[in-house]
Amino acid sequence: MHTVLSKDGTKIAYDRTGRGPALILVAGAFSYRKFRAQVQLAELLSSQFTVYNYDRRGRGDSGDSQPYAVEREIEDLEAVIEAAGGSAYVWGLSSGAVLALEAAAGGAAITKLALHEPPFVVDASDRKPPQDFIPQVTELIRSGRRAEAIKYFMTKGMGAPGFVVSMMRMCRRCGRT
């Protein structure tokens, strides 16, 4: 495990494997660098790239300075890019894809960008979260009700059926993460 300090002093943990051009993996909201699929992806890509697989802020071995802001997560990615030599390919999954795109749009030194399942509303008829979604999630987290925040996020925000949250918990307990 390696670490880098983000602009606000938050420690960001990452693993580095392989040889070749730098490629940074930006995981989704409920993922971290040690999830089995994330590790497998890093291993597969390491034959062609030097892969930087990092824990996003508040996950795994990375720190969690408050208050949360998307801009801090973009600074975290920029710190990993700097650790990778100053520019990198970036692959993002779900909310990690949005962060990668925001970083690229803001001028981060991203050579090429690959986005996997970014959660975008593309059409007016697409499912949308409730109007008060962000304040609701924020209040659940602020009041220490993290399990409820995850359930609310997944069901009301992402539109997943309620049983999906239970399945996520089961997979976590049985080591399938």
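This is a predicted model: local features need pLDDT of at least 70, side-chain atom pairs count only at pLDDT 80 or more; totals for chains, interfaces and linings use all residues.

Colleague: What stands opposite Val4 in β2?

Modeller: Ile12 does. The hairpin of β1 and β2 has 5 residues between the strands, and Gly9 there takes a positive phi near 90°.

Colleague: What does Glu75 touch, leaving out residues up to four places away in sequence?

Modeller: Ser6, Lys7 and Asp8. Glu75 itself is in helix α2 (residues 70-83).

Colleague: Is Glu75 buried or exposed?

Modeller: Buried, because its relative accessible area is 14% and the cut-off for buried is under 20%.

Colleague: OK, zooming out. What's the strand order in the sheet?

Modeller: β1-β2-β4-β3-β5-β6, an open sheet of 6 strands with mixed pairing. β1 and β6 (110-116) are at the edges with a single partner strand each, so one side of each has no neighbour in the sheet. The twist averages 25° from one strand to the next.

Colleague: In which sense do β3 and β5 pair?

Modeller: Parallel, over 4 bridges, with β3 covering residues 22-26 and β5 covering residues 88-93. Ile24 stands opposite Val90 in that pairing.

Colleague: And where do helices α1 and α3 lie?

Modeller: α1 (residues 36-45) lies across β2, β3, β4 (50-54) and β5, at about 165° to β3. α3 (residues 95-105) lies across β3, β5 and β6, at about 150° to β6.

Colleague: Switching to charges: how many salt bridges are there?

Modeller: The count comes to 10. One of them joins Asp15 and Arg33, with the closest N and O atoms 2.9 Å apart. Asp15 lies in β2 and Arg33 in the loop between β3 and α1, so the pair ties together parts 18 residues apart in sequence.

Colleague: Is Arg33 buried or exposed?

Modeller: Arg33 counts as buried, at 2% relative accessibility. Asp15 is buried as well, at 19%.

Colleague: Which lysine meets Asp15 in a salt bridge?

Modeller: Lys34, at 3.1 Å from N to O. Lys34 sits in the loop between β3 and α1, 19 residues from Asp15, and is partly exposed at 41%.

Colleague: And what about Arg33 and Asp61, how far apart are N and O?

Modeller: 3.1 Å, again a salt bridge. Asp61 is in the loop between β4 and α2, 28 residues from Arg33, and is partly exposed at 37%. Salt bridges with shared partners join Asp15, Arg33, Lys34, Asp55 and Asp61 into one network.

Conventions:
Residues are numbered from 1 along each chain as its sequence is written. Side-chain values use heavy atoms; hydrogens and water are left out. Two strands pair if DSSP finds at least two bridges between them. Helices (H or I, at least four residues) and strands (E, at least two) are DSSP runs, numbered from the N terminus. Buried means under 20% relative accessible area, exposed over 50%, partly exposed in between (1.4 Å probe, protein chains only). Contact means heavy atoms within 4.5 Å. Axes are lines fitted to C-alpha atoms, for helices over the stretch in contact, and angles run from 0 to 180 degrees between N-to-C directions. A salt bridge is a side-chain nitrogen of Lys or Arg within 4 Å of a carboxyl oxygen of Asp or Glu.
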